[in-house]
Amino acid sequence: MFYEDNENLTIMTYTLNSGIKGTVPLSNKQIQEWIECYRTDAKFITAIGKEFFGLNPELVADFKVHNRFSNYAEVLKPVGNRQAESDNTEQLSKAYEENRVYFKVDCKCGTTYTTYSQYYTTKWYCSKCNEIVFLDKKKGKVATDKGDAWYMTNKYYVARD
């Protein structure tokens, strides 16, 4: 399941059963492998550049594969309920919301948006062009409509410690 051709990556957006959304850039082959893992409830592990990415399909409510060349996005949702409703779902969802780290992405392709992660990170992938943007620690946090967010860009050189 490891594939290292990162030339033509497409963004896949997924939503966990807890409501948390995530994005990951994948090649066509990686997307096919993910779909097969999703159908068979097998854990998905793949290489993206020099990093590894893993996703448990049992925890994924739905996902979209965004076509780079049009506004079309394929949405796949499970038939029936993949996970029984529990009393802890609401508490878990609130706990994740409280621990969100917000990032303002300002890419050289012209895309600007605010996103979040459960973890502090020093790099991100632009959702439009898949280019890496880096955390500008000198600029620090900036005001957004979602509150203060760490500023990430690739419009100029960002010193990385």
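Me: Which residue follows α1, and what is its phi like?
Reply: D41 follows α1. Its phi is positive, near 55°. Keep in mind that this is a predicted model.

Me: How many residues does α1 have, and how far does it reach?
Reply: Helix α1 covers residues 28–40, so to speak, with 13 residues. From first C-alpha to last, α1 reaches 19 Å. That is close to the 18 Å expected at 1.5 Å a residue.

Me: Which residues of α1 are buried?
Reply: The buried ones are Q30, I31, E33, W34, I35, C37 and Y38.

Me: And across the protein, what share is buried?
Reply: Buried residues make up 39% of the 161 residues.

Me: Switching topic. How many helices and strands are there?
Reply: Two helices and 12 strands. From the N terminus on, the order is β-β-α-β-β-β-β-α-β-β-β-β-β-β.

Me: How do β11 and β12 pair?
Reply: In the antiparallel sense, over four bridges. β11 spans residues 141–144, and β12 spans residues 147–153. A hairpin of two residues joins β11 to β12.

Me: What is the bridge partner of T144 in β12?
Reply: G147.

Me: Which face of β11 is covered, and which is uncovered?
Reply: V142 and T144 form the covered face. K141 and A143 form the uncovered one.

Me: Last one. What share of contacts join residues at least 24 apart?
Reply: 44%, counting contacts between residues at least 6 apart in sequence.

Technical notes: Residues are numbered from 1 along each chain as its sequence is written. This is a predicted model: local features need pLDDT of at least 70, side-chain atom pairs count only at pLDDT 80 or more; totals for chains, interfaces and linings use all residues. Side-chain values use heavy atoms; hydrogens and water are left out. Buried means under 20% relative accessible area, exposed over 50%, partly exposed in between (1.4 Å probe, protein chains only). Two strands pair if DSSP finds at least two bridges between them. Contact means heavy atoms within 4.5 Å. The expected span of a helix is 1.5 Å times one less than its number of residues.
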